[in-house]
Amino acid sequence: MKNTALKITEGVCYINIGKSNLIFNLTDLNGNQLAWLRPAILKFKGSKQRFSAFAMEQTINVLVKRIILLKIVKLNIVFSGFFKRWIGKAIVKSFVKQKIELVSFK
C-alpha cells in the first residue's frame, strides 16, 4: 500500500499582533494547524524586544524553515489584533527576503 499523504503547497499564516506579544500561526487552506511560533519562544523577553525588527526577522526565519520543510511554496497572510503599519511592513519584508511567494494579504 502506497503512502497517499496530501501534498500541501499553499498555506495561510495568521499573524496576531497583541499589545505585548506577536503570534504566528501557520495552517493549510482547510485551517489545519501546521506550526505556530512567537518571539518569546526564541527567548525574546519584554514587549520592546519582541517587537524589535531583529526579533521579528529571527522569528520569521524559524517559521520559514518550517515552511520549507513542509514544502509550502505559496503563502497567504492574515493580520489581526493590535495592528501597526510598521510591524506589518517589517513582517512582509522579512517573508519577501526569504523568497516565499506571497499570494494575498488581509
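Here is a walk through the structure above, from its overall layout to a few individual residues.

This is a predicted model, in which local features need pLDDT of at least 70 and side-chain atom pairs count only at pLDDT 80 or more, while totals for chains, interfaces and linings use all residues. Residues are numbered from 1 along each chain as its sequence is written, and side-chain values use heavy atoms, with hydrogens and water left out.

Let's start with the layout. The protein has 3 helices and 5 strands, where helices (H or I, at least four residues) and strands (E, at least two) are DSSP runs numbered from the N terminus. Read from the N terminus on, the order of elements is β-β-β-α-α-β-α-β. Of the 106 residues, 37% count as buried; buried means under 20% relative accessible area, exposed means over 50%, and partly exposed lies in between, with a 1.4 Å probe and protein chains only. The protein exposes about 7000 Å², and carbon and sulfur atoms supply 56% of that area. Accessible areas come from the Shrake-Rupley method with a 1.4 Å probe, and for residues only the protein chains shown count as cover. As for contacts (heavy atoms within 4.5 Å), residues 24 or more positions apart account for 61% of those with a separation of 6 or more.

Now to the interior. In soluble globular proteins, nonpolar side chains tend to be buried together. A nonpolar core here is a set of buried Ala, Val, Leu, Ile, Met, Phe, Trp, Tyr and Cys residues joined through side-chain atoms within 4.5 Å. The largest such core has 23 residues, and Ile15, Ile91 and Phe95 touch the most other members. At least two residues of this core come from each of β1 (10-17), β2 (22-28), β3, α2, β4 (74-81) and α3 (85-97). Helix α2 supplies the largest share, 5 residues. If you select isoleucine 15 and leave aside its neighbours within four places in sequence, you will find it in contact with Leu22, Ile23, Phe24, Ile77, Val78, Phe79, Ser80, Ile91 and Phe95.

Helix α2 deserves a visit of its own. Its 17 residues should span 24 Å at 1.5 Å a residue, and the end C-alpha atoms are 24 Å apart, which agrees; the expected span is 1.5 Å times one less than the number of residues. The buried residues in α2 are Ala55, Met56, Thr59, Ile60, Asn61, Leu63, Val64 and Ile67. An α-helix has 3.6 residues a turn, so residues three or four places apart point the same way.

Threonine 59, in α2 (residues 53-69), counts as buried because its relative accessibility is 0%. Beyond its neighbours within four places in sequence, threonine 59 is in contact with Phe24, Leu37, Arg38, Pro39 and Leu42. Glutamate 57, also in α2, is partly exposed, with a relative accessible area of 27%. Not counting residues up to four places away in sequence, glutamate 57 touches Ser94 and Lys97. Glutamate 57 and proline 39 are 18 residues apart in sequence, and their C-alpha atoms are 9.6 Å apart.

Just after α2 comes lysine 71, with a positive phi of about 65°, although this residue is not a glycine. Lysine 71 lies in the loop between α2 and β4 and is exposed, at a relative accessible area of 64%.

The loop between β3 and α1 is the next stop. Leucine 42 sits there and counts as partly exposed at 29% relative accessibility. Leaving aside its neighbours within four places in sequence, leucine 42 is in contact with Gln58, Thr59 and Val62.

Isoleucine 41 is found in the loop between β3 (33-37) and α1 (46-50), and its 40% relative accessibility makes it partly exposed. Together with Ile23 and Trp36, Ile41 forms a nonpolar patch on the surface, with about 260 Å² of accessible area. Patches are made of residues with over 30% relative accessible area and no salt bridge, joining like charges within 9 Å and nonpolar side chains (Val, Leu, Ile, Met, Phe, Trp, Tyr) within 5 Å. A salt bridge is a side-chain nitrogen of Lys or Arg within 4 Å of a carboxyl oxygen of Asp or Glu.
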